[in-house]
Amino acid sequence: MKHFQNQERAMLGIAGFAAAGVLLAGCSTVGAAAPADSGDDTFTVGFAVGGQPDADWQELQGDVAASLAEQRGWGFVELSNDNSEATATKNADVFIQKGVDVVMMFNGQPSANPVIAKKYAAAGIPVITFDIAQEGWYFVGIDNAAAGTEGGTKLGELAKEKWDCKVDLVISAEGTSAGQINEWRTGNAREAVKTVCPDIPEDAYVSYEADGNLTTSLANAPGVFAAHPDAKNILVVGINDQAVVGALQAATQLGRDDSIMGWGQDGGLITGDNVDPNLAGSVMYFLEGYPAFAFQIADELAAGNTPEVKDTGDDPAVSVTPCPVTQDEAAAIPGIDERVAQLGDAPEGTTAYDLFCAA
């Protein structure tokens, strides 16, 4: 388990945000407070990071949660879902055996969630889920519908400005396992492009399965380009940055990147030194900060209260404001470690949106 290396980062919980580390599937770590199975009355958090490759924010979420638990003197058990249905299900059994008081997690393979939900319900353990809703669990996440619409609108406006809406192909890099989340993010982005550029032919819109993963997206995208050999002006939308960048990288490998633009979701690949030149922008969620929102709910539970369960993106327990940025705008936003440090110095209640997007 990684801990903050300086006082600024240790103060992250006071600022209202924090971040976390991925461990090997099935392995656990316990914070400074007593372990969940120690037999005392210490309130204990079970935290499952997503374990998806190329997703630094998932590692940071674990560190943030560990720090926030330590500040409160709570127990902390961290596992990785390893981007696997089987592992996420096994982790539920581990958390239950440990006797944790609440579980927080991101699970990129949500088809396992109904089974997991039954396990937790039987054990009487409340669950807080990030970005992918599950009936009966507290939902903390972005306004996915608004995020999709804002991203698609921005991309459509670029196509109108640069190409006069003369678009040959609009690719949707889907993550169908995410269900309604995919419809909100990818589907709304696609519909927003249609609103800005209504004359794009219907048969110019094509989809493929990217599974929210850069490797999968990169492997599956070439079939789309092969099926449309004459398409020149190409737009890409998708469920997250990894899905969109996979399509952009495939275009580069195939020599089809002379006139292509993508707009991502989540902001995971729009900052740093190696941003794909064709990723025109993304909708940043500042994912590293999610645990602080979840701890607002955990604080109530630890105090003996039971907040109302709000379990959908339409009516979330806590909603995160989306932040659409172009690549140039994103370049002015600090990297994830610096964002954590700045949040640590900010007044209580300040959000990443306040610091890095509102201005």
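Predicted model: local features only at pLDDT ≥ 70, side-chain atom pairs only at ≥ 80, totals over all residues.
- In general, a pair of packed helices is described by the angle between the axes and the distance between them.
- For helix H3 (residues 56-72) and helix H10 (residues 290-302), the angle is about 35 degrees and the axes lie 9 Å apart.
- H3 and H10 cross in a right-handed way.
- On the H3 side, the contact is made by Gln61, Val64, Ala65, Leu68, Ala69 and Arg72.
- H10 contributes Tyr290, Pro291, Ala292, Phe295 and Asp299.
- Sorted by class, the residues in this contact are eight nonpolar, one polar and two charged.

- Most residues other than glycine have a negative phi, which makes the next two residues worth a look.
- Aspartate 131 is not a glycine, yet its phi is positive, at about 70 degrees.
- You can find aspartate 131 in the loop that runs between strand S4 (127-130) and strand S5 (138-142).
- The relative accessible area of aspartate 131 is 3%, so this residue counts as buried.
- Phenylalanine 286 also has a positive phi without being a glycine, with a value of about 50 degrees.
- The loop between strand S10 (279-284) and H10 is where phenylalanine 286 sits.
- Phenylalanine 286 is buried because its relative accessibility is 4%, which falls under the 20% cut-off.

**Serine 259, in a loop**

- Serine 259 belongs to the loop between helix H9 (241-253) and strand S9 (260-266).
- With a relative accessible area of 17%, serine 259 is buried, since the limit for that class is under 20%.
- The side chains of serine 259 and asparagine 233 make a polar contact at 2.6 Å.
- Leaving aside residues up to four places away in sequence, serine 259 touches Trp163, Lys232, Asn233 and Ile234.

- Alanine 189 has a relative accessibility of 3%, so it counts as buried.
- Beyond residues up to four places away in sequence, alanine 189 touches Gly148, Thr149, Gly152, Trp184 and Val237.
- Along the chain, alanine 189 and glycine 264 are 75 residues apart, while 9.7 Å separates their C-alpha atoms.

**Aspartate 143, between a strand and a helix**

- Aspartate 143 is placed in the loop between S5 and helix H6 (144-163).
- Is aspartate 143 buried or partly exposed? Its relative accessibility is 28%, so aspartate 143 counts as partly exposed.
- The side chain of aspartate 143 reaches the backbone nitrogen of alanine 146 at a distance of 3.1 Å.
- Not counting residues up to four places away in sequence, aspartate 143 touches Ser319, Val320 and Pro322.
- Proline 316 is 173 residues away from aspartate 143 along the chain, and the C-alpha atoms of the two are separated by 8.6 Å.

Note on methods: Residues numbered from 1 in each chain as written. Heavy atoms only, no water. Helix = DSSP H or I, 4+ residues; strand = E, 2+ residues; numbered from the N terminus. Buried < 20%, exposed > 50% of the residue type's maximum accessible area, 1.4 Å probe, protein only. Polar contact = N/O pair within 3.5 Å; in protein donor to acceptor, adjacent residues only side chain to side chain. Contact = heavy atoms within 4.5 Å. Axes fitted to C-alpha atoms, helices over the stretch in contact; angles between N-to-C directions. Left-handed = near helix turned anticlockwise from the far one by under 90°. Nonpolar A, V, L, I, M, F, W, Y, C, P; charged D, E, K, R; others polar.
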